[in-house]
Amino acid sequence: MKRSTTLTIGFLFLISLGVIVLLANQLKIDKSLMQEGSGSSAPEEKSGEIAYNPPSLDDVPEGPMGDAILRGRELINDTSNAIRAKASSVEDGENLVNELACISCHAGDGLDRDTSSLVGVAAVYPQYNERADKVLTLEDRINGCMVRSMNGQPFEEDDEDLNAMVAYLSYISEGIPIGAELEWLGKNDMKDVPVPDVENGERVFQQSCVACHASDGSGTGPNTGPALWGEGSYNDGAGMARMSKNAGFIKNNMPLGQPNSLTDQEAADLAAFILSQDRPEWKGHDDDWPNGNRPTDVMTKELRDQVKEGTIDWEKVLGKDN
Ligand code: HEC
Ligand code: HEC
């Protein structure tokens with residue numbers, strides 16, 4: 001009797017031990033499966049930081065959704081041609097959009113981490129925008145670049161191509177948590193722009209930039225060297241028309257393939273030279289920043305004229321006067 005009780009207890013003990021070991025193993029497997037599942041496509045969180053890991057275009061699904069994603073990619077990659085091809089006349093096409101492409105600034109179809117990446121934008125819009133003093137949807141934000149950076153017309157609310165761009169941007173935002181802080185967004189902003197020397201900017205430009213952007217700034221193509229000024233370029237309401245964003249972009253990305261090779265001073269000189277050349281005028285300056293926080297470094301026609309006349313007060317433009 002005594003012996004069999006001991007045996008039973010021992011037996012039960014062994015069984016429960018076995019169950020515990022099995023359960024623990026199962027948990028481990030589940031966990032590693034979860035990690036594997038998120039590793040290949042979706043970004044995983046590493047000590048609070050979100051990994052940069054957009055899904056491959058090889059994994060785009062077949063069918064209408066996949067078609068929309070691929071059309072969206074085409075529109076972002078070859079914007080001018082893709083949009084102008086739909087116009088009824090050449091003139092009409094030129095009114096719809098300039099010669100740039102989204103990738104002229106958002107390089108590598110928006111996937112290049114360092115050149116104004118668009119990865120994750122679908123997770124961070126709708127978002128309050130100070131320039132508009134409104135909450136903007138992703139559609140609104142795309143249209144913002146259409147009418148300013150692309151100096152063209154906005155898409156209608158239900159436009160198939162607008163939806164296709166959103167489909168593509170959502171695809172490359174897969175796995176990014178809603179509202180995440182993404183350190184690769186909006187980082188081409190030079191915080192403290194040195195007072196520029198426009199003549200030196202012109203010198204460096206002729207040395208280091210003309211091979212791709214042409215000596216008259218009109219460029220060699222949206223993906224080989226986009227138009228930096230002139231009729232084919234962005235208008236002066238675009239983000240790139242601000243000294244801080246232009247100098248920041250140049251410093252972080254140009255010349256192509258040699259990021260951060262220029263000094264802050266050289267980048268500022270270049271930005272001042274580029275932004276003192278003629279470009280299309282934005283008609284809506286008066287409606288921007290209605291809350292009064294208008295930045296002083298938007299290079300409007302008035303400021304371009306001041307550069308030509310030699311009367312520009314750079315300290316004031318760059319906010320160094322207070
Ligand atoms: C001339 C350069 C230029 C071109 C061309 C351009 N953009 Fe932009 N885009 C910018 C700049 C500059 C910003 C603002 C980034 C910042 O705040 O620092 C921006 C912001 C955006 C944002 C919001 C990103 C964020 O971080 O909030 C989206 C979305 C966007 N652009 C989409 C597009 C699309 C789609 C196209 C083509 C139809 C396009 N852009 C063409 C320069 C450009
Ligand atoms: C080897 C070719 C090449 C050289 C050299 C080069 N760029 Fe670019 N640049 C590009 C390409 C291509 C883009 C489009 C974005 C990308 O692919 O990174 C671009 C984009 C830009 C943009 C943003 C788009 C726009 O229309 O404003 C600016 C500003 C710019 N370059 C300035 C410069 C300056 C200034 C220099 C000289 C210091 C320079 N680049 C040298 C190829 C070049």
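This is a predicted model: local features need pLDDT of at least 70, side-chain atom pairs count only at pLDDT 80 or more; totals for chains, interfaces and linings use all residues.

Me: Start with peptide bonds. Which residue pairs up with Pro 126 in a cis bond?

Reply: Tyr 125 does. The bond from Tyr 125 to Pro 126 is cis, with omega near 0 degrees.

Me: Where does Pro 126 sit?

Reply: In the loop between helix 5 (121-124) and strand 3 (127-129).

Me: And what is omega for Met 254 to Pro 255?

Reply: About -10 degrees, so that peptide bond is cis.

Me: Where is Pro 255?

Reply: Pro 255 lies in the loop between helix 10 (243-253) and helix 11 (264-275).

Me: Switching to phi. What's up with Asn 260?

Reply: Asn 260 has a positive phi, about 60 degrees, and it is not a glycine. Asn 260 is in the loop between helix 10 and helix 11.

Me: Is Asn 260 buried or exposed?

Reply: Exposed. Asn 260 has 11 C-beta neighbours inside 10 Å, and 12 or fewer counts as exposed.

Me: What about phi at Asn 151?

Reply: Also positive. Phi is near 40 degrees at Asn 151, a residue other than glycine. Asn 151 belongs to the loop between helix 6 (138-147) and helix 7 (160-171).

Me: Buried or exposed, that Asn 151, and why?

Reply: Asn 151 is buried, because 24 other C-beta atoms lie within 10 Å. The cut-off for buried is 20 or more.

How values were computed:
Residues are numbered from 1 along each chain as its sequence is written. Chains are lettered from A and ligands numbered from 1 in the order in which they are written. Helices (H or I, at least four residues) and strands (E, at least two) are DSSP runs, numbered from the N terminus.
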